[in-house]
Amino acid sequence: MLPRCAALVALLLLLAAAPAAADVTFAGCFKPGAPTGDPCGSMPGARFGGLDTVTTPDGRWAVSAQGGLRIFEKTPSGAAFRRCYAERAPGCDPLTLAGGRELALSPDGRMLVAVSDVSDLLVWFAFDPAAGTATYGGCLAGPRGGGLGCAAQPELQSVGNPVFSPDGRHLYVGVGEQPRAAILTFAIDPATGAPGYANCVAGRSSTVACAERAQGLRSGRSFGITPDGRGVYASGRGIDMLARDAATGQLRGVGCIDEDDEFGVCPMHALVVNGGRPAISPDGNFVYFVVGATIRGWRRDPRTQQLTPGPCLTQGPDGFEGCRVDTQLVSQSRLVMAPDGQNLYALGISYARTPGETAGELGISEIARDPASGAIALGGPCAHRRGGPVLTWCTVEADGFTAPISFDISRDGTRLFAFNSGLFGDGSSGEVATAVFARTPHPLPTPPASSAAREAPPIVLADSGAGSRRRAHVPVGCGEGGACSGTVTLELATGRKTVLGRRRFRVAADQLSEVKVPLNAAARRRLSRLRGSATLAARARIVRTRGEGARRETVPVALDRR
């Protein structure tokens, strides 16, 4: 039998457990026409860059949009360049409309989609996951894509990132800013793989003709879909929450959050202005966005698709919007989630005054994350260009990493790919290059075999107070960022639902407290029947109705008759 204080200490240790980190090491780089003696390997193709990369489900192949399509294959030590496709580029296989700026790969790895916001194009290819080759399938074009031989799709204007649904039945493409903000749904033909326009959802002030309207959708260009395929979250001036119909693919607005609600329809909350894709946890319980030098997590209700404030990490002052503070965090421009949920990776920029100018230095930071609680903290390695300004938050130096504009992590979690494009603010060359990093996650810690607190349900002692006043002591904690309140209900763990007691609570931020639940007559009768050291198996349903922390939680408990 575990004393009450020991159980509380064990629970406190679980709440305070540090998130896990992974080892990230530089594993090579590639440049178009790299000269002899350059540390990077040479690759053919255009000398201008794209914006995106995708990897196959098994992690074997990576496809980048860099003046065409470039294909890389994972090797034991890093990656190797295999082939490229472009309409006119020496050394590349000719492929019609291979250019694109952002990519999506179907869940089975057999359909590749590229979109271009320059010519309003949506192009699809058949991808062979055994050979790593792409075959042109067809295209759709908006108003600026006329004359390219594509079927007309007038809704394709200023397209953003394409996203497949997890079931592979639908492709979603975001378009435009206000007044043309919308997310388009394309149904995938199971026989041909061709996407056909099905429906759309538009912002309430959008001029796009959609049957569904979302309250605050001001940009459809950046969004993500949860692993269960039921929730979609778009970012622009704020965050839009949308529910997905798996049969039709139709998206329906269910709410929004804004920092400065000019339309008067969205609840206001700080730290939501953002234009980047969200990073969604593998279990779908948390959605993360970057906002300057802050990473804000939101807890998701899988039934309603609503978001409530969750874990937060910021460079700001202590207590800033309830966030954990780390002064080494820098302004972020992109955020990706590791497939194992143990880490987030952020592309950040740090500024340092130099004689005559302000120089910036880009780096990829690793954010440690607790998959259970969603808590985040700056930790682990950070990568930046070799020979660049010394940054206290970076320890991994990389070649071919002058000015990364985008990066992504492979679906098997073992490789990071970063892409350079364009000139950088400190006057450096800004050459096109691909840098590859190997990632080795540390396994999550397992509880010691001797730890009774981890192996068995906590023992919750029932008071032996005077007369009939008997109470159960249930540990309840709040997450970071604010106090929480709600109700604890004790029930029998097995058989017919029987309530043993109920009590409202309020707990301070980042604290663990004992909620003393009065036991009712049913509980007292059952406790009186116990013999010797037996305990009564029960469960505590903790429902947090306000504040931080998981909104619902069920904890197994055992009532002692003492």
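Let me begin with a detail of one link: the bond between Cys200 and Cys210 is left-handed, with -115° about the S-S bond. Their sulfur atoms lie 1.9 Å apart and form a disulfide, a term used here for a pair of cysteine sulfur atoms within 2.5 Å. The pair links distant parts of the chain, with Cys200 in strand 16 (residues 195-203) and Cys210 in the loop between strand 16 and strand 17 (212-214), 10 residues apart. Cys200 and Cys210 are both buried, where buried means under 20% relative accessible area, computed with a 1.4 Å probe on protein chains only.

Before going on, please keep in mind that this is a predicted model, in which local features need pLDDT of at least 70 and side-chain atom pairs count only at pLDDT 80 or more, while totals for chains, interfaces and linings use all residues. Residues are numbered from 1 along each chain as its sequence is written, and side-chain values use heavy atoms, with hydrogens and water left out.

How many disulfides does a search of the whole structure find? It finds five, and I will take two further ones. Cys29 and Cys40 form a disulfide with their sulfur atoms 1.9 Å apart, and this link is left-handed, with -95° about the S-S bond. Here Cys29 sits in strand 1 (residues 22-32) and Cys40 in the loop between strand 1 and strand 2 (41-43), 11 residues apart. In the disulfide of Cys139 and Cys150 the sulfur atoms are 2.0 Å apart, and the torsion about the S-S bond is about -100°, so this disulfide is left-handed too. Because Cys139 lies in strand 11 and Cys150 in the loop between strand 11 and strand 12, the pair ties together parts that are 11 residues apart in sequence. Cys139 counts as buried at 6% relative accessibility, and Cys150 counts as buried at 17%.

An open sheet of five strands has the order 8-9-10-11-12, with mixed pairing, where two strands pair if DSSP finds at least two bridges between them. Strand 8 and strand 12 (151-152) stand at the edges with a single partner strand each, so one side of each is left without a neighbour in the sheet. Strand 11 (residues 133-141) pairs with strand 12 in the parallel sense over two bridges, and Leu140 stands opposite Ala151 in strand 12.

Now to strand 33 (residues 415-420), where six of the six residues are buried, so this strand is largely enclosed by the rest of the structure. In a regular strand the side chains alternate between the two faces of the sheet. In strand 33 both faces are covered, with Arg415, Phe417 and Phe419 buried on one side and Leu416, Ala418 and Asn420 buried on the other. Strand 32 and strand 33 run antiparallel and are joined by five bridges, and Phe417 in strand 33 is the bridge partner of Asp408. Their hairpin has five residues between the strands, and within it Gly413 takes a positive phi near 75°. On to the next pairing: strand 33 and strand 34 (residues 433-441) are antiparallel over six bridges, with Ala433 in strand 34 as the bridge partner of Asn420.

Terms used: Helices (H or I, at least four residues) and strands (E, at least two) are DSSP runs, numbered from the N terminus. Buried means under 20% relative accessible area, exposed over 50%, partly exposed in between (1.4 Å probe, protein chains only).
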